[in-house]
Amino acid sequence: YKSELAKNLSALASTVVTDGDSKSKGREYITEARELTNRVVAEHPNNTALWIDKRTIDYNLSKIDPSQNLELLRTAGRLKDLAPTDASIQYDVALVYLYLEKNKDAVSQLEKVVDLKKDYREAVIMLGRTYIKVGETEKATLLLQNWLKRNPSDSEAEELLKTLLTG
């Protein structure tokens, strides 16, 4: 229940902190959410589900307080290590890297996800978008062309490739 309470507190903190009259209360919620989630994962260090909850909490907190970004990054690293063959968790780690604008790390992570699960559509599309973002347009083109050979009806991939080829 502590993990659920921490998630709720982090969500509540994000709404309170945006209200100028309630910033101190929001800071209290941030502190309490942080303490609860850290206590829970310390008590259960190998529980992937709790670490996923912690990542959600860290993300909520980092949206309202950028000083929380380092904790979000640490949590992503722990999840990466806890579930190295779980494509969904590894994809979430890549999304954390993208959120934190660590694009090179995101590329590497997304490549790992696509290696783990070749038919992971969201990961392929996100990898293509991230390749474009970091200027690796040839890799994006090749990735999307290969994807469309196996998935010719994927309109989002087709549109992304068309945009890439037409500039």
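Modeller: A nonpolar core is a set of buried Ala, Val, Leu, Ile, Met, Phe, Trp, Tyr and Cys residues joined through side-chain atoms within 4.5 Å. Keep that in mind for this predicted model.

Colleague: Which residues touch the most other members of the largest nonpolar core?

Modeller: Leu127 and Leu144 do, in a core of 37 residues. The top contributor is α5, with eight.

Colleague: What makes Ile30 and Leu61 part of another core?

Modeller: They belong to a set of five residues lying apart from the largest one, which also includes Ala33 and Ile57.

Colleague: How do you know that the length of α7 agrees with its number of residues?

Modeller: Take 1.5 Å a residue. The 13 residues of α7 should then span 18 Å. The end C-alpha atoms are 18 Å apart, so the two agree.

Colleague: Which residues of α7 are buried?

Modeller: Ala123, Val124, Ile125, Leu127, Gly128, Thr130 and Tyr131. Their cover includes α5, α6, α8 and α9. Beyond its close sequence neighbours, Leu127 is in contact with Val107, Leu110, Glu111, Val114 and Leu143.

Colleague: What describes the packing of α8 and α9?

Modeller: Their axes come within 10 Å and cross at roughly 145 degrees. The crossing is left-handed. Among the contact residues are Leu144 and Trp147 of α8, and Leu160 and Leu164 of α9.

Colleague: How many residues of that contact are nonpolar, and how many charged?

Modeller: Nine are nonpolar and one is charged, with three polar. Trp and Leu count as nonpolar, so Trp147 and Leu160 fall in that group.

Key:
Residues are numbered from 1 along each chain as its sequence is written. This is a predicted model: local features need pLDDT of at least 70, side-chain atom pairs count only at pLDDT 80 or more; totals for chains, interfaces and linings use all residues. Side-chain values use heavy atoms; hydrogens and water are left out. Axes are lines fitted to C-alpha atoms, for helices over the stretch in contact, and angles run from 0 to 180 degrees between N-to-C directions. Helices (H or I, at least four residues) and strands (E, at least two) are DSSP runs, numbered from the N terminus. A crossing is left-handed if the near helix is turned anticlockwise from the far one by less than a right angle, and right-handed if clockwise. Contact means heavy atoms within 4.5 Å. Buried means under 20% relative accessible area, exposed over 50%, partly exposed in between (1.4 Å probe, protein chains only). The expected span of a helix is 1.5 Å times one less than its number of residues. Lists of a residue's contacts leave out its neighbours within four places in sequence.
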